[in-house]
Amino acid sequence: MTEHVSIHTHGACVDFPIFDAKTRSLKKAVLGKAGGVIGRTSSDVVVVEALRDITLSFKEGDRVGLVGHNGAGKSTLLRLLSGIYEPTRGTAVVNGRVAPVFDLAVGMDPEISGYENIIIRGLFLGQTRKQMLKKVDEIAEFTELGEYLDMPMRTYSTGMRVRLAMGVVTSIDPEILLLDEGIGAVDAAFMKKARKRLEDLVARAGILIFASHSNEFLAEICDHAIWIDHGNVRMQGGIEEVVRAYEGPEAADRVAHVISKKAAEEEKV
C-alpha cells in the first residue's frame, strides 16, 4: 500500500471549450447536458465550466458520498480525482492506486469473453497477467455469471457488466475506490453481496468516494457526504446533515433510519 494514501485538490477547475458553439440554442443545449456554467475565453471561445474552485481533502479510511442533481458535476469530479481529467486551473494531487468504477466500457472489449475481460480489466487497473490468472476463478464465482463468462461481453446486460467490473475491482484491493451510480444496475440480492464486499475492502484500507442518487445506499457504506451543485461544492459534512439540506427532512429521516440500523447491526457483530 502507498504510504499516506490521500487526495488533495485546491481551487481545481475543469473547463470544456466548445469551439463550434455559435448559436444561442446550441450553447443552451451544451449547458443542459454538462450542468456547468457557460463562460468565454479571451479569444471568445465558449467554455463550459464543469467544476469550479474545488478544494477538498480525503485521507485513508474516508468513505464519502457525492450527492447532487443530474449534471451537477459529480461524475466530472470523479474523473478529476481519478486523473482522467486534469484541472484547467488549480491542483489535484492523488497519492495511491486508483480503481475507477464509473465507465464500464474502459478496459473492456465487447467482442471477447467475460473471462478474457477479467484479465483485460485487471491489466487496465495495473495488475499483471499472472496476478489476474490466479484470481479468475474467485472473480467468476463472485459475479455469478456462470456460462455467460464464455460469451462475448456484447451479449451482457448493463447489470452483468457491472457485476464483472465490480468483481475485478474489488479483487485487487485498490487504495482509492471511485464509484459512480451505475453500479445500482444490478439486482438487489447481488448488490447486498457486493456491498458487503465493498465494506470489507474499505475497512481494510483506502478511500471510497461514491456518487449516487440513492441516499439510503450512500448511508449504508459512507460516513460523510458532499453536495455538488452546478460544478461547486455546496456543502460537506455528515450524510444526514447534507441530505437534509439537499432534499429536505423526509429524505434525511430515511437516511437516519439506515444509519441507526447499520449501527445496531455493527453492535451485534
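Visitor: Why is Arg-97 called partly exposed?
Guide: Its relative accessible area is 41%. Buried means under 20%, exposed over 50%, and partly exposed in between, using a 1.4 Å probe and protein chains only, so Arg-97 with its 41% is partly exposed. Please keep in mind that this is a predicted model, in which local features need pLDDT of at least 70 and side-chain atom pairs count only at pLDDT 80 or more, while totals for chains, interfaces and linings use all residues. Residues are numbered from 1 along each chain as its sequence is written, and side-chain values use heavy atoms, with hydrogens and water left out.

Visitor: What makes Glu-175 and Arg-97 a salt bridge?
Guide: A salt bridge needs a side-chain nitrogen of Lys or Arg within 4 Å of a carboxyl oxygen of Asp or Glu. The closest N and O atoms of this pair are 3.4 Å apart, so the pair qualifies. The two residues are 78 residues apart: Glu-175 lies in the loop between H5 and strand S7 (176-179), and Arg-97 in the loop between strand S5 (89-95) and strand S6 (98-101). Helices (H or I, at least four residues) and strands (E, at least two) are DSSP runs, numbered from the N terminus.

Visitor: Is Glu-175 buried or exposed, and how do you know?
Guide: Glu-175 counts as buried, because its relative accessibility is 3% and the limit is under 20%.

Visitor: What makes Arg-163 and Glu-144 a salt bridge?
Guide: Their closest N and O atoms are 3.5 Å apart, and that is within the 4 Å limit, so the name applies. Arg-163 sits in helix H5 and Glu-144 in the loop between H4 and H5, 19 residues apart. Arg-163 has 12% relative accessibility, so this residue counts as buried.

Visitor: What stands out about the phi of Glu-144?
Guide: The value is near 60°, which is positive in a residue other than glycine. Most residues other than glycine have a negative phi.

Visitor: How do you know that Glu-216 and Arg-254 meet in a salt bridge?
Guide: The N to O distance is 3.1 Å, so the pair meets the 4 Å limit. Glu-216 belongs to helix H7 (residues 215-221) and Arg-254 to helix H9 (residues 249-268). Glu-216 counts as partly exposed at 26% relative accessibility, and Arg-254 is partly exposed at 41%.

Visitor: How many salt bridges are found in the whole structure?
Guide: A search finds 11.
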